[in-house]
Amino acid sequence: MSRTARLFQLMQALRSGPTPKTSVQLAQDLGVSARTVHRDIGALRGLGAVIDGEAGFGFTLIEDATLPPLGFTDDELEALVLGLREVQSIGDPGLAEAAGDALRKLQGRLPSRQSHRLSHAVLAAARFARPAKPTIEVADLRRATWAERTIDFAYTDGKGEETRRRVDPLSIVYMDRASVLLSWCHLRQDFRVFRLDRMREMFVTDDSFRPNRVPMLRQALAQIRAEREAKDREQNT
């Protein structure tokens, strides 16, 4: 296989399937060594592709500046429609509006057959009980999370106890009954989850925790998985 063909196949592998993908997985997909994958990742970055990750954590394609966008299969289009309609159902007002705008833009740029398919998609998303309404400006929280800025807010827990928290926001998770913030809590010196409908008086501080959000998020998710597995083992014994 030529180097050009291998780089193209590596890009396709990064674009498809669940991410992040480890160098071992990519090496198996391409039939090369993990050392070659690391070298080719460096080459793609040099060509302008933005690839997040490192050895031990896996790699995720963030932005591809060198290849044209892919078209959508019918199943991919159905998945996009379903996902955007779900956001319209559970997202905060800003996200819900953005999902509607994205659907309209997508429809306007698709070939006529697929544009018709989008208009008359057979899949839909409906929530009869939406998550509790956030009591903060979620758009401000999203911007603070992307900018890796520490936030400060008042919080009322499930027992009605009130505290003031300063946290590094890592990810916003939209769950069945509530939307939550996964974060590093300065008070508890540990990862904590906060319901958005119990947060108030939030403001974004001038303190930055860049560039630590991604590794902190990985650590938080690993900790959550470990705690869940330990709980499952305990229940099964």
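Biologist: Does glutamate 148 count as buried or exposed?
Modeller: Glutamate 148 counts as buried, because its relative accessibility is 9%. Buried means under 20% relative accessible area, exposed means over 50%, and partly exposed lies in between, using a 1.4 Å probe and protein chains only. This is a predicted model, in which local features need pLDDT of at least 70 and side-chain atom pairs count only at pLDDT 80 or more, while totals for chains, interfaces and linings use all residues. Residues are numbered from 1 along each chain as its sequence is written, and side-chain values use heavy atoms, leaving out hydrogens and water.

Biologist: Where is glutamate 148 found?
Modeller: Glutamate 148 is in the loop between H7 and S3. Helices (H or I, at least four residues) and strands (E, at least two) are DSSP runs, numbered from the N terminus. Glutamate 148 also has a positive phi of about 55°, although it is not a glycine. Most residues other than glycine have a negative phi, and most peptide bonds are trans.

Biologist: Which residue other than glycine has a positive phi near 55°?
Modeller: Glutamine 189 has such a value. Glutamine 189 lies in the loop between S5 and strand S6 (190-195), and it is exposed, with a relative accessible area of 51%.

Biologist: Where is the cis peptide bond?
Modeller: It joins arginine 210 and proline 211, with omega at about 5°. Proline 211 is placed in the loop between strand S7 (199-208) and H8.

Biologist: What about threonine 150: buried or exposed?
Modeller: Threonine 150 is buried, with a relative accessible area of 2%. Threonine 150 belongs to strand S3 (residues 149-156). Contact means heavy atoms within 4.5 Å.

Biologist: Changing topic, which residues of H3 are buried?
Modeller: They are Thr36, Val37, Asp40, Ile41, Ala43 and Leu44. Seen down the axis of H3, these residues fall within an arc of 160°, so they line one face of the helix. The arc is that of the directions from the helix axis to the C-beta atoms. On the other side of H3, Arg35 and Gly46 are exposed.

Biologist: Why would spaced residues point the same way?
Modeller: An α-helix has 3.6 residues a turn, so residues three or four places apart point the same way.

Biologist: And which residues are buried in H6?
Modeller: In helix H6 (residues 112-119), the buried residues are Gln114, Ser115 and Leu118. They cover an arc of only 105° around the axis, which puts them on the same side of H6. The buried residues of H6 pack against helix H4 (74-90) and helix H5 (93-109). Ser112, Arg113 and His116 are exposed on the face turned away from the buried side.

Biologist: How much space lies in the largest pocket?
Modeller: About 640 Å³ lies in the largest pocket. Of its 22 lining residues, the closest to the centre are Asp52, Leu170, Arg213, Val214 and Leu217. On a 1 Å grid over the protein atoms alone, a pocket is an open set of points where a 1.4 Å probe fits, with protein on both sides within 12 Å along at least five of seven lines; lining residues have an atom within 4 Å of a point. A volume is the space filled by probe spheres set on the points, which are joined across faces, edges and corners.

Biologist: Which helix gives the largest share of the lining?
Modeller: H8 does, with seven residues.
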